[in-house]
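Dear colleague,

Please find the structure for your study below. My notes on what was found in it follow.

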Amino acid sequence: ASCVQYRLVVRDVSTLQILQLYTCLDQIQYIEWSSDSLFILCAMYKRGIVQVWSLEQPDWHCKIDEGSAGLVASCWSPDGRHILNTTEFHLRITVWSLCMKSVSYIKYPKACQQGIAFTKDGRYMAVAERRDCKDFISIFVCSDWQLLRHFDTETQDLFGIEWAPNGCVLAAWDTCLEYKMLLYSLDGRLLSTYQAYEWSLGIKSVAWSPSSQFLAIGSYDEKVRILNHVTWKKIIEFEHLAAVANSKTIVYKEVEKSPSAETERLSFPPARALASSLFSTQSKYEVSQVPVSLQYIKPAADRANPKMGIGMVAFSPDNCFLATKNDNIPNAVWIWDIQKLKLFVVLEQLCAVQSFQWDPRQPRLAVCTGNSKVYLWSPAGCISVQVPVEGDFQIVALSWHPTGDSMVLLSKDNFCVCYLEREEV
Amino acid sequence: MGDWKTITVPVLSSDSKNIFQYTSEKRLSSPRMNSQVLCLPLPSSKSMHSFFSAFCTEENFEQSISYLNRELTTLGFPSIYAESKGKELNLISVINCMNELLVLHHKNLRAQEEVEMQHLKLGSDMDHLKNCYAKVKEQLELSRREIVGLQERDRQLQSKNRNLHQLLKNEKDEVQKLQNIISSRATQYNHDMKRKEREYNKLKERLHQLVMNKKDKKIAMDVLNYVGRADGKRGAWRTNKTEARNEEEMYKALLSDYEQCQKQLLVENAELKKVLQQMKKEIISLLPPQKQKPKEGSEDGPVLSDLEDDIGELNKENMWELSCETVREQLTNSIRKQWRMLKHHVEKLDNQVSRVHSGTLNEKDVISREDHELETEKLELEIQQCKEIIKTQQQLLQQQLMSPCDDDTTLLLQDCYLLEERERLQEEWRLFQEQKKNFEKERKSFTEAAIRLGLERKAFEEDRGVWLKQQFLSMSTDYKHSENVTTPSAFLESSDQGNRLVKSTSQRKPRCVFSDPVPAEACQASHYITCNSSSAVSIKPAGESNPNQWVESDKEETE
C-alpha cells in the first residue's frame, strides 16, 4: 500500500497491479496495515481524522474524528481491531474499538520516542506514562484493555521502552543525558539496572536479539554493549574504532567502476539502461587489506543531538550477526559475529549510510546510502545493485517483505520493489 | 794517627778524582773509609799500583806498617807483627789479614750491589707509585665531577616530578570541580525541567478539561458496521474474574519462560559437568602412575584414593541429584586439584628438559650413563664370546673339511644322510600312493553315482513327460498342441544337459590325476552338487505343476 497525497493506493506485491484505490479527506500522513492485513488505517494529523479501509469490502468505511483533541500519532493494536490514537500534546491515548462500541482512555502518556510497546505475541502492551514529574509504566492486557500492572521507574526522563521477543522482559531506558537501562519482568518487578558510565551522553539505540538472549545497547561513546539474559550483565563491549586492525575482519570497500570501459558498446540510439548508466556510475565491492582506516567525522560539540555514537543497532533473524552504524563514521556498516563475539565484516560505502535492514528470514542485510543503489550483504559476500530507473532515484529507506523475497526501496517521491530470486536447491 | 795529614799523594788518572779528594782529607773514621770504598769505581791495575805505591814508600815503610797494624788491630784482626816486639812482620798473619780484608771487600761489594739494586728497585717503585697516584687522582676528580653532575640531574628530575605531581593534583582538582559543576547543573536543570513540566501539566489539564467539556460531537467514530473480532470471540465485560484470569495468564507466560530458561540451563549444566568429568578422567590418566615414585606416593596416595572415592561418589550422586551444590563443589575442587597436580608434573618435566638442554649433570643422568656403560660393556662381552664361539666353530669346520678322512667314512656319512632322506621320501611316496588309490576309488564311485543319477534323471524325466502329457491331454486342445511342441524339446535339452554333465565329469577325470588329486575331487564334488541342485530345482517345479516355470528355471541353471 502506498499513499499519494490524499489517495491510498493498494497494489499487489508480485505484480504491482493496483488492486484498490481509496480517497481520503485530507493529505495522509501515516498509513499502517492491521496485523491480519485486512484493514489499512490512514491518519491525517492536521484534520485529526483517521480513516480505516477494508480490503475485503471496499465499501466498508470507518472514520474516527478526534476533533479538537487533535491527533499526533495513530497505530493499530496487535489484534487488528483497535486503533490507538494519541491526541495532541500527548494528553491521552484513545483506544477505539472496531468491533465493539467501546472507547478506552489512557491518561498521561509520555511524549517520548517509543512510548508504546506491544509484545511480539500481541498479548500485552506497555505504555510509558508520566505523572507529577515521575515516570511510570503501565502494562495492559490487549484482549480487554485491562490494566495489569502499574509501576514507577527510576529514570529521570524515560526515553523508550521495548519488549523482549519472548514477551517476558521489558527494557526501559533513560534519556541520553543519563545512561541507564532498566529491565522489568512481565509482572512489573525490576530485574536489573545497568549503567555503564555517568555524565557522558548515554544510550542512543537499543535492540533485542530474536532469541531474547542478548540486549544490545548502542551509546554515544561509540560503543555497543551486549547484556546477557541470565545475569543482565555486560558480556562484551564492541568498540567502533576508525582504524580496523584485526586481520580476521573482512572489509568490503565500495569502489566506483569506471564507466569509460562501457562506451565502446554504445549503440545508437542508446538503450534505456545504458542511458541511465551513463549518468550514474556503477560500483562494486572490493576487499580491502587490513589495516584500514575509515573516515571519521567529529561533530560540532555545541549542538544538541550530535551525530555521534551508535545510531543503529539490529540483530540478524538467526541471531548470528549484529549490524551497527557508528554516526561518527557514517559511511560504514559494522557487522559483528555474535557466536564468536568479534568483528566480522565492515562495509565501507562511498556515501553516508541512510538505513539498513535485515531480511526477516535469513542473515541478509540490505543497505541504502541515498544513491540509486541498494547494497546487499550476506555471509557469502556482498553486491551492489543498481536500480534501473531513468533519472535520479535516491533511496532513502527500504523495507523487506516478511517472506524475505522482495523489498521496497523508497525515495522521496517514488518507490520501487526489488525482487530477489530464491536459490534453486 | 794524624801523621798522615802531611802525606801528599801523587795525581792519579781522572776516574779516581773522587778518591783523591777523600784521601786528602783523610780522617780516621771507618765509615769514611767505607764511603771511599763505595764511590770507588774499579780502577785499572795501573792506577791501583800507583795508588798503592803512593801510600807506602821506602821511607815510611815502618810507619806505614805500624799504621796498618794499628788499623788492623782496631778492626779486630790479629797483629801483623811477629810476637816479639821487634819490627818484623808476621807474613802469615799479614796474608791472613789480607785475605780477610779481601773477603771483607768482596762482601762489601756484594752488599753494595744489593743495595744498589734495591735502590734502583725502590726508585722504579716510587716512579710507578707516583704515576698511579697521579692517575688515581685524575679519576677521583672525574668521579667527583660526575657525581656533581648526577646530583644536579637528580635534583632537576625531582623538581620535575614534583611539578608533575602538582599538575596532576591540579588536574584532578579541576576534574572534581567540573564534575561537581556538572552535577549541580544537572540538578538545577532537573529542577527547572520539573518546574516547567508542572506548568505544562497544568496547561494540559486545563486543555483537557476544555476539550472534554466542550462535548464535541465531532469526537466520535463513524463506522459503517462493526467488524467482528479477529479471533471470532465476542467482547467480554471487565470483571474481577477477567482480571484474575489476566493475572493468571501473565504468570503462566512468565513461568513457562522461566521453565524454558531453566531447562536450557540444566541441559547446559549437564553437558558441562560431563565435559568436566571427562576432563578429570583424562587428567588422571595423564598423570604418572603413582606406584613408581615412592616419594610422591606418600603425597598423592591418599589423594588418589580420595579421588577414586570422589569419582565413585560423584558417579553415584550424579545419578540421583544433578544440581546438588555439594556435588558441584566437590567436582570443581577435585578438578582443580587434578589440574594443579598435572601442572606440577608438567613443570617438573619442563625442568628436566631444561636441565637436559643445559647439560648439567644430574644424579639421574649419571646413573643412567653408568647403566648405559655397563650395558654396553655387557654387550661387548657377549659379542666377544659369540665371536669366539664362531671362531671355534669355524675351526672345527675347517678341521672337519681339511682333516684327511677316509672316503668310506665320508661316503658312509653321506650315505647315512641320504638314506634317511630316502626313507622319508619312500614313506611319503607310500602315503601318496595310498591317497591316490583312495581318490581313485572315490572318483569311480562318484562317476558311477553320476551315471546312475543321469539314468535316474532320464527315467524321471520320461515319467514326468508322460505325466505331463497326460495332464495336457486332459486340458484343452490348444494348450496341448503347444505344450506337446515345447515339452519334448525341454526334455531333450535337460537330458542332453544331464549327459553333458556326466561327460564333462568323466572328461575331467583323467586331467586331474597327474596334477593334484584333491582339486579333482573338489570339482567333481562341485559338479555333483550342481547336479544335485539342478535335480532339486527340477524336482520342485514338478511339485508345483507349472511346466513353464520349470523350463525356465532349468534354463537358468544351465546358464
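A salt bridge joins the side chains of Glu247(B) and Arg149(A), with 2.8 Å from N to O. Please note that this is a predicted model. The pair crosses between chains: Glu247(B) belongs to helix α6 of chain B, residues 240–286, and Arg149(A) to strand β15 of chain A. Arg149(A) is buried, at a relative accessible area of 18%, because the limit for that class is under 20%. Glu247(B), at 25%, counts as partly exposed.

Across the interface of chain A and chain B, the rule finds three salt bridges. There are also twelve residue pairs in polar contact between chain A and chain B. On the side of chain A that touches chain B, β7(A) gives the most, with five residues. The residues on that side of chain A comprise 22 nonpolar, twelve polar and 18 charged. In total, 52 residues of chain A are in contact with 46 residues of chain B. The two chains bury about 4,400 Å² between them, and 57% of this is on carbon and sulfur atoms.

Over all chains, the count comes to 28 salt bridges. One of them lies between Arg225(A) and Asp221(A), whose closest N and O atoms are 3.0 Å apart. Here Arg225(A) is buried, with a relative accessible area of 4%, whereas Asp221(A) is partly exposed at 26%. Finally, a network of salt bridges links Lys110(A), Arg130(A), Asp135(A), Asp157(A) and Glu197(B).

Yours sincerely

Terms used: Residues are numbered from 1 along each chain as its sequence is written. Chains are lettered from A and ligands numbered from 1 in the order in which they are written. This is a predicted model: local features need pLDDT of at least 70, side-chain atom pairs count only at pLDDT 80 or more; totals for chains, interfaces and linings use all residues. Side-chain values use heavy atoms; hydrogens and water are left out. Contact means heavy atoms within 4.5 Å. Buried area is the accessible area (1.4 Å probe) that two parts lose on being put together, summed over both. A salt bridge is a side-chain nitrogen of Lys or Arg within 4 Å of a carboxyl oxygen of Asp or Glu. A polar contact is a pair of N or O atoms within 3.5 Å; within protein, one must be able to donate a hydrogen and the other to accept it, and residues adjacent in sequence count only if both atoms are side-chain atoms. Helices (H or I, at least four residues) and strands (E, at least two) are DSSP runs, numbered from the N terminus. Ala, Val, Leu, Ile, Met, Phe, Trp, Tyr, Cys and Pro count as nonpolar, Asp, Glu, Lys and Arg as charged, and the others, Gly among them, as polar. Buried means under 20% relative accessible area, exposed over 50%, partly exposed in between (1.4 Å probe, protein chains only).
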